Amino acid sequence: AVVQRRVRGNGWKRNGDGEKLKVFIQVNTSREEQKSGCMPEALLPLADIITSECDGLELAGVMTIGAFGYDWSQGVNPDFVELIECRKRLSDHLGKDDLEISMGMSDDFDRAIEMGSTNVRVGSKIF
């Protein structure tokens, strides 16, 4: 409910040139209290609000920040698997097959790309 109120706020007006602002919905795939983002089960209702009520926004995809320090020797990161499943549900729901996936950061971006990430965040490896 809090997320829905924020999305519906006045801060999402067109930027003046008619271009829509591309946004990703952050999904809290690790379900950690200290992390932001919607829970996976809230993804579709939130996407519906963005696509139907926020004229200045274009839903570009989904993103997550997985649990810190995942041990890859245990297999694929379940947070990344969850996001891939979320993207599939959202794609089916909206009838869009071009939704992007942003997962992976400096320490695991290579594995995220292998799993299908189209965007990564690599700040600490650059600076």
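Before going on, the ground rules. This is a predicted model, where local features need pLDDT of at least 70 and side-chain atom pairs count only at pLDDT 80 or more, while totals for chains, interfaces and linings use all residues. Residues are numbered from 1 along each chain as its sequence is written, and side-chain values use heavy atoms, with hydrogens and water left out.

Back to Arg-31. Where does Arg-31 lie? Arg-31 is in the loop between β1 and α2; β1 covers 21-26 and α2 covers 43-53. Helices (H or I, at least four residues) and strands (E, at least two) are DSSP runs, numbered from the N terminus. The phi of Arg-31 is near 55°, which is a positive value in a residue other than glycine.

Arg-31 also forms a salt bridge with Glu-41, and the closest N and O atoms are 2.9 Å apart. Glu-41 sits in the loop between β1 and α2 as well, ten residues from Arg-31. Glu-41 counts as exposed, at 54% relative accessibility. By salt bridge I mean a side-chain nitrogen of Lys or Arg within 4 Å of a carboxyl oxygen of Asp or Glu.

Another joins the side chains of Asp-92 and Lys-88, at 2.8 Å from N to O. Both of these residues lie in helix α3, residues 78-94, four residues apart, or about one turn of the helix. Lys-88 is partly exposed, with a relative accessible area of 48%.

Now the chain as a whole. It has five helices and three strands, and along the sequence the pattern reads α-β-α-β-α-β-α-α. There are 127 residues, of which 35% count as buried. The accessible surface is about 7,800 Å², and carbon and sulfur atoms hold 51% of that; the areas come from the Shrake-Rupley method with a 1.4 Å probe, and for residues only the protein chains shown count as cover. For contacts, meaning heavy atoms within 4.5 Å, take the pairs at least 6 apart in sequence: 56% of those join residues at least 24 apart.

Phe-24 gives an example from strand β1. Phe-24 is partly exposed, at 30% relative accessibility. Which residues does Phe-24 contact, leaving aside its neighbours within four places in sequence? The list is Ala-60, Gly-61, Val-62, Met-63, Glu-100, Ile-101, Ser-102 and Asn-119. Between Phe-24 and Val-62 there are 4.8 Å in space, C-alpha to C-alpha, although the two are 38 residues apart in sequence.

Of its 18 lining residues, Ala-67, Phe-68, Gly-69, Met-105 and Asp-108 are the closest to its centre. A pocket here is found on a 1 Å grid over the protein atoms alone, as an open set of points where a 1.4 Å probe fits, with protein on both sides within 12 Å along at least five of seven lines; lining residues have an atom within 4 Å of a point.

Methods. Buried < 20%, exposed > 50% of the residue type's maximum accessible area, 1.4 Å probe, protein only.
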